[in-house]
Amino acid sequence: MAGFVADVGGTWVRLRGGGVGAAVERLRSPSRLNHPGRSVARLREDMVELLCRAAPPGARAAISFGAAIDHLTGTVYGSAPLWGSETTPYDMGAALRAHRPDVTWQLVNDVTAALVDFAATHARPGVRRVGYLTVSSGIALRVADMERMRIPVDERGLQGEIGHLPAMTTGPELQGAGLLCECGAPDHLASISSGPGIARVARQLGLDTGPAVSEWLPEALAADDPLARRLLELCVEPVAHMLRTLWCLDPHLDLLGLGGGVVEGLGAHYADELRRQLGLATSYADRGRDPAWLADRLVFCAPGTVDPLRGAERVDRWLPGIVP
């Protein structure tokens with residue numbers, strides 16, 4: 001049976017047939033980000049058509065999909081970058097099977113696939129739980145129990161959709177701002193800390209960043225621009241709060257990878273700011289994490305270090321452990 005893998009994101013779809021080492025094709029994703037005027041129904045049809053057209057006859061297809069997805073059934077609950085505020089569940093797995101019944105379709109969330117790849121290459125002996133956090137056009141987290149080789153999910157097949165939790169921020173510039181997430185709700189973690197969120201915060205601060213904040217910010221930080229430093233501080237703060245909460249609730253989380261376009265694009269600037277904030281004491285329960293403690297637990301992933309496409313190829317060994 002021929003192998004076929006795809007990594008579906010809000011901006012790009014990457015496709016590879018023929019196994020590891022074969023050429024990767026990159027196509028613009030049929031998404032709300034790329035086609036804001038198209039209906040959700042049309043975007044979904046276009047996505048199914050794209051994947052079905054690319055899959056070889058009789059293939060075993062492993063799809064890393066950038067959406068909140070039920071890992072037990074393949075039902076997609078929502079994806080702000082792909083479909084905006086639409087939250088009507090969509091049985092993506094059934095649609096793919098109906099169009100191409102000759103293909104064996106295996107559908108997992110892209111962060112789950114990234115976690116599998118990160119764990120395979122970074123988890124050392126003795127690590128009890130390992131997580132992967134992506135900060136990109138969206139924000140999400142996955143955690144795996146390495147002792148049981150499980151990625152636990154809830155009764156809806158979900159875990160770690162933290163981008164759509166309320167953001168914790170103390171910045172007076174953002175109090176009452178009501179910044180909208182791509183899902184349509186205000187003041188989510190992704191409203192502030194995702195790639196589009198950083199652009200929203202920059203506008204809230206009245207910054208003139210030119211056409212793309214992603215290009216302006218690294219150069220401004222390198223030049224030690226105080227407004228750029230404040231922008232980064234505000235956008236990192238909700239992520240730092242989330243990590244404090246995570247370690248408070250799960251003290252066995254021994255290793256956490258951070259990746260995605262924001263983390264990778266800002267590199268050392270992002271890593272240094274997050275470490276600085278995590279080093280601050282906030283209460284007797286959180287006296288701040290010292291550099292050695294953080295160095296032992298945090299891995300800031302460079303571009304290409306973690307690959308959901310590669311993770312999709314490796315996810316088979318984890319599927320029996322994806323349990324509610």
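T245 is partly exposed, because its relative accessible area is 37%, where buried means under 20%, exposed over 50% and partly exposed in between, with a 1.4 Å probe and protein chains only. This is a predicted model, in which local features need pLDDT of at least 70 and side-chain atom pairs count only at pLDDT 80 or more, while totals for chains, interfaces and linings use all residues. Residues are numbered from 1 along each chain as its sequence is written, and side-chain values use heavy atoms, with hydrogens and water left out.

T245 belongs to helix 8, helices being DSSP runs (H or I, at least four residues) numbered from the N terminus. Although T245 and D286 stand 41 residues apart in sequence, their C-alpha atoms are 9.5 Å apart in space.

Helix 8 (residues 226–249) packs with helix 6 (residues 195–204) at an angle of about 130°, the axes being 10 Å apart; axes are lines fitted to C-alpha atoms over the stretch in contact, and angles run from 0 to 180 degrees between N-to-C directions. The contact (heavy atoms within 4.5 Å) is made by I198, V201 and A202 of helix 6 and by L231, L234 and C235 of helix 8.

In the largest nonpolar core, which has 45 residues, those touching the most other members are L133, L217, L231, L243, Y270 and L274; such a core is a set of buried Ala, Val, Leu, Ile, Met, Phe, Trp, Tyr and Cys residues joined through side-chain atoms within 4.5 Å. Helix 8 gives the most to this core, with twelve residues.

Methods:
Helix = DSSP H or I, 4+ residues; strand = E, 2+ residues; numbered from the N terminus.
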